[in-house]
Structures are given as structure tokens and as C-alpha cells.
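Hi,

Here is the structure I promised to send over. Have a look at it first, and my notes on what turned up follow below.

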Amino acid sequence: MLSLSTSVLVEYLDDRARQRHDAADGLQQPMLYLDAHADAHAHGAHDGEAVSVQSAAAALSAALSAAAAAEAEAGAAKAKGRRRLACARPREGALHVVLVVLQLVLVGAAFSTPMFARRMQGSLCDLLKAHGFDFGGEYSLVQLGLLAGQAGGWDYLMATTFWVFVIVCPLLRGASLLVLLLAPLSRAAALRLHRASRYASYYFALEVLLLAVPLIHNAMGPMTANLLSVNNFPACKHLNVIYPNPPGEPHDLCFEISVEPLQGYWLTLAAVAIFLLSGFDGSPTHKYIHRLLEPADTPPPTCAVSARCR
């Protein structure tokens, strides 16, 4: 989390520097034009040539006209961007709105639905269940986030990291994109929200869980089955006679903990798939919004815009 936050800070500073550089370029172009005429005036005076006040006034007037033209062009570009947003929203943006809404629904369902179940199998586990001790259960991502900080202390940092990457930022990303697609924002406000939304998209770890659950499923069972067995725990022989294992399990299985994916895992898989289309930085929805907010970006993102909006 610290590493990723540092990279976000560096990108934020880079964005600020680019903005200042672009603003400085826009202000300096007329001044460079004036400097060129001032240099010509100085050289002419040095060479003994007569430079009239009218020529200096004409140069100043031309520079001011160039500045006014540049400002008008910038205003036209902003108005063009607003027109793109206005006319593209009901048509090209409709699909992206649907994708973002679907993304939010799937993300909410993924972290609130049981993602995996912890199962205890074997004769020793049957003995414990017979006496009221069952350590199995089903867990959602919200429950895991609460359990992560249950011990207090430094575990709160681990729980905070979990909540940021799995729950908070995935929801913030979808909500901010929906605002950009539907709310009537000014271009400056939309650009600020767009940058903040991009930064939020970096804190996303649902795809990590798609790998973690199968890995735990394949590793947990064989590892725990060897902790207590007939080879290192003689009581397992008697327990296997008293509590025989059901068909489909090894007859000499004494103790095993396994992790089985549930419906929340498949919802997470669907949420990540939709996030690839509408959530990640560089996804089609991200490119679409960027193209509308930055019509003069060269080269622009590869996202088609209606010819009527151009």
C-alpha cells in the first residue's frame, strides 16, 4: 500500500507539473512574439536604422491579437468538449453507463456474498462436531475485513489495507465514473474528478482474490491432512473405526481443512471481467471519458466519437 501510494503521489505531482507547463506555454507564446519584435527594435537601433513608434505599436497590436486568438481557440476547444459531453451522453455514453452500473452491482454483490467456505473433514473433525465443536463456516469479503482487524494493534493496518483495496476504492471508482457520465459538471471539475477516479482505480485487488482462493484450495487440504494422520497420531486409527469417513474421502483421513469457493467467488470473477471494460485505467470507459474531456489530446485515446459532436 505504501509503494502504490508513493507512485500515486508521484503521478499527482507529475500531473500538476504538466498543468503548470501547459499554462505557462499558453501565456508565454504572446510574450515570445513581443520579445522577437523587441529584439528587432534593439538591433535596428544598434544598426542606426530608424524604427518608428508606429511599427512598435503594430507589433504590440499583432501580439495582442494573437493572444486573443489563442484564448478564443482555447475557449472554442472547451466549448467543443462540453458539446461532446452533451451530445455523446445519450448515445455513445449509454453503453458505458450500463457497464458502470453493472460494475457497481457486481462489486457490491461480490463482497457481500459468501466467497468461500472452510470445511473440516476426517474422523477427528467428526469427533469434534459430535461434541459441539465445528470450525467450518462461510465467509464473505466484508466478514474477512472485520476479522482481519479483530485482534487490534497492527492488525488494524492490515484490515485498513484490505478494506481500501477490496471494498472502498472499487466502489469509489464506479461511483465517480457514473458521476462523470451523468452529472452536468464543468470541465475543470470533471477533470479533477477524472484524475481522482483514476487514482482510486489503482487501489483494486479483487483480481488477486481470483488467484488466492484456488491456491488456498489446492494447498490447504494436503498441508493440513499431513498434520495429524495415522503415521504421527496413533489415535487416528481408533477414530477412523468409530467415525468412518464417507464415500469419496480417504478411509484413513483423520484431519483436514479445505477451502471451497462459493457463489461470491464467481460474482468476483464477473466483477473483474466488467472492470476490465469499464473500471481499470485504460479501459474503454476510461478512454471514452478522457476523449470527451480532452478533445485536443494528441494522439487521443482510441475511442470513436460521433461525427455530429466534432
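What share of the residues in the protein is buried? Buried residues make up 35% of the 310, where buried means under 20% relative accessible area, exposed means over 50%, and partly exposed is in between (1.4 Å probe, protein chains only).

Two things to know before the details. This is a predicted model, so local features need pLDDT of at least 70 and side-chain atom pairs count only at pLDDT 80 or more, while totals for chains, interfaces and linings use all residues. Residues are numbered from 1 along each chain as its sequence is written, and side-chain values use heavy atoms, with hydrogens and water left out.

**Overall layout**

The protein has 11 helices and 3 strands; these are DSSP runs numbered from the N terminus, with helices being H or I of at least four residues and strands E of at least two. Read from the N terminus, the order is α-α-α-β-α-β-α-α-α-α-α-β-α-α. Among contacts (heavy atoms within 4.5 Å) with a separation of 6 or more, 77% are between residues 24 or more positions apart. The accessible surface comes to about 17,700 Å², and carbon and sulfur atoms hold 66% of it. Those areas come from the Shrake-Rupley method with a 1.4 Å probe; for residues, only the protein chains shown count as cover.

**The cores**

A nonpolar core here is a set of buried Ala, Val, Leu, Ile, Met, Phe, Trp, Tyr and Cys residues joined through side-chain atoms within 4.5 Å. The largest one has 28 residues, and the members that touch the most others are M115, L141, F165, V166, Y203, L206 and L209. Two or more residues come from each of α3 (92–112), α6 (155–182), α8 (206–225) and α10 (263–278). Of these, α6 gives the most, with 6 residues. There is also a second, separate core of 11 residues, V97, L180, Y288 and I289 among them.

Leaving aside neighbours within four places in sequence, Y203 is in contact with L4, S5, V8, V164, F165, C169 and P170.

Helix α9 (residues 235–242) has C236, L239 and N240 as its buried residues. Looking down the axis of α9, these fall within an arc of 100 degrees, so they line one face of the helix; the arc is that of the directions from the helix axis to the C-beta atoms. K237, H238, V241 and I242 are exposed on the other side. The buried residues of α9 pack against α4.

From the α4 end, look at S123, which lies in that helix (residues 123–130). S123 counts as buried because its relative accessible area is 0%. Not counting residues up to four places away in sequence, S123 touches C236, L239, N240, Y243, N245, L253 and C254.

**Salt bridges**

How many salt bridges does a search of the whole structure find? There are 3, taking a salt bridge as a side-chain nitrogen of Lys or Arg within 4 Å of a carboxyl oxygen of Asp or Glu.

R198 pairs with E11, with the closest N and O atoms 2.2 Å apart. That pair links distant parts of the chain, as R198 is in helix α7 (residues 187–202) and E11 is in helix α1, 187 residues apart. R198 counts as buried, at 15% relative accessibility.

R198 also forms a salt bridge with D281, where the closest N and O atoms are 3.5 Å apart. D281 sits in the loop between α10 and α11, 83 residues from R198. At 33% relative accessibility, D281 is partly exposed. Together, E11, R198 and D281 are linked in a network of salt bridges.

The remaining pair is E294 with R187 (3.2 Å, N to O). E294 lies in the segment after α11 (284–293) and R187 in helix α7, so this pair ties together parts that are 107 residues apart in sequence. Both count as partly exposed, E294 at 26% relative accessibility and R187 at 21%.

Cheers
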